[in-house]
Amino acid sequence: MMPAARGTLTQNRTLADLTWLRVGGPADFLFQPADVDDLCQFLAALAPKVPVFPMGVGSNLIVRDGGLRAVVIRLGRGFNSIVIDGDTVTAGAASLDSHVARKAADAGLDLTFLRTIPGSIGGAVRMNAGCYGHYTANLVQEIHVVTRQGHLQSLAPEALEFAYRQSHLPEGAVIIGATFRAPKGDPQELHARMADQLAKRDATQPTKDRSAGSTFRNPAGFSSTGRADDSHELKAWKVIDDAGMRGASIGGAQMSEMHSNFLINKGGATAADLEELGEEVRNRVFQHSGIRLVWEIKRVGERLAEKQ
C-alpha cells in the first residue's frame, strides 16, 4: 500500500520515454511530488523496506528491460527554481544545467562549465559532473536533500565525499537542490564563451543521436577530488579507438562513428543491446591495453531473464 500524495503516483510506469536512450522497462511506481512537503510526507510514510530511486532527466542512465523494483522519484516544476543572491546561485534539482548556466551568466556569475552538460542539477551533484577543468565539487557550497526518513537536510560538500564522476549520498536520500558560489565575470563574455563551447561540442559529439553522454570514465587524467590533472592525457575514446571499437554495433546499439565514447541507440535498441555492446568494448579494451574502463552511464534495474 502506497502512501497518499498530492503529486502524481503511477503504478507499473514504463521508464523508456523518460530516458535519453529511450530504453527500459517499468518501475513498480513512479512518484512525481508536488513540492518539498509532499516529498517529505511521502517518504516518511513509505514503508522502510521499499527501495526508492531518484531519477533526473534520464540523460546518463540505462534502465534495464526488466524495469525497476522500486519507487522511482522524479522531480518536476516544484523543484526547478533558480535564486541568485550576490555571488551564490541556489538551483532546484530539476533545473536544467544549461538553464542555470545561462541565468548565472545573465547575473555576471561564471557557471559556464554547466552549459554543455546534459541533465539537471540533481544529477550534476550526484555524478560530480564537470568539463573544461571545472567540476561541481569545486563550486558547490551546500546540498539540499530529503532523507529516506522524510527529513529536510542541508549537507556540506565534504559529506558527499566527491570524487571523479561520483559522490556518496546517504542511502535513499533525494537531492532537491544545491547552492553554488560562482566567480564573477562579464555577462557578454560569459555568454560568448558558452556559445563557443556549444559549437565545439556540436562539432565533435553526436548531439543529434540518442545517447547518454560519455559512456565510460576517462581512465586517467583526474585526481581523486575530480580536478583535472594536466600531466595525464589518456582518454576513453582513445583507448576505444585503439581497440578497434569505433562504430562497433550490436542490434540497435552502436559506438558512435563521430565520437567513440558515445553509446547510441541508432534505432530499435534494447537496454540489453546497449549494455552488451558496452561490456564488449570494455573487454576489447582490456585485451588490447590492459585498461579496464569504468562505466560512467548508470545502469539500473533487472534484465528480462531476471524478472521472469
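Two strands pair if DSSP finds at least two bridges between them. Helices (H or I, at least four residues) and strands (E, at least two) are DSSP runs, numbered from the N terminus. This is a predicted model: local features need pLDDT of at least 70, side-chain atom pairs count only at pLDDT 80 or more, and totals for chains, interfaces and linings use all residues. Residues are numbered from 1 along each chain as its sequence is written, and side-chain values use heavy atoms, without hydrogens or water.

**The annotated domain**
- UniProt, in an unreviewed entry, places the feature "domain: FAD-binding PCMH-type" at residues 22–185.
- UniProt positions follow the numbering used here, feature names are shortened, and annotations may be inferred rather than shown by experiment.
- The span 22–185 is 18% helix and 32% strand, and its end C-alpha atoms lie 38 Å apart.

**The S10–S11 hairpin**
- Strands S10 (residues 140–146) and S11 (residues 152–155) run antiparallel, joined by four bridges.
- Val146 has Leu152 in S11 as its bridge partner.
- Five residues sit between the strands of this hairpin, and Gly150 takes a positive phi near 90°.

**Helices H2 and H5**
- The axes of H2 (residues 97–106) and H5 (residues 187–204) come within 8 Å and cross at roughly 155°.
- Axes are lines fitted to C-alpha atoms, for helices over the stretch in contact; angles run from 0 to 180 degrees between N-to-C directions.
- H2 and H5 are therefore roughly antiparallel (angles over 145 degrees count as such).
- Ala101, Arg102, Ala105 and Asp106 in H2 meet Pro187, Leu190, His191 and Met194 in H5.
- By class, this contact of H2 with H5 has five nonpolar, one polar and two charged residues.
- Ala, Val, Leu, Ile, Met, Phe, Trp, Tyr, Cys and Pro count as nonpolar, Asp, Glu, Lys and Arg as charged, and the others, Gly among them, as polar.

**The four-stranded sheet**
- An open, antiparallel sheet has four strands in the order S13-S16-S15-S14.
- S13 (210–214) and S14 are the edge strands, each pairing on one side only.
- Two bridges link S14 and S15 (residues 253–255) in the antiparallel sense.
- Ser249 stands opposite Gln254 in S15.
- Helix H7 (residues 271–289) packs on the sheet, touching S14, S15 and S16 (262–265), and its direction makes about 30° with that of S15.

**Gly247**
- Gly247 is found in the loop between helix H6 (236–242) and strand S14 (249–250).
- Gly247 counts as buried at 15% relative accessibility (buried means under 20% relative accessible area, with a 1.4 Å probe and protein chains only).
- Leaving aside neighbours within four places in sequence, Gly247 is in contact (heavy atoms within 4.5 Å) with Gln254, Met255, Ser256 and Glu257.

Note on methods. Buried means under 20% relative accessible area, exposed over 50%, partly exposed in between (1.4 Å probe, protein chains only). Angles under 35 degrees count as roughly parallel, over 145 as roughly antiparallel, 65 to 115 as roughly perpendicular and the rest as oblique.
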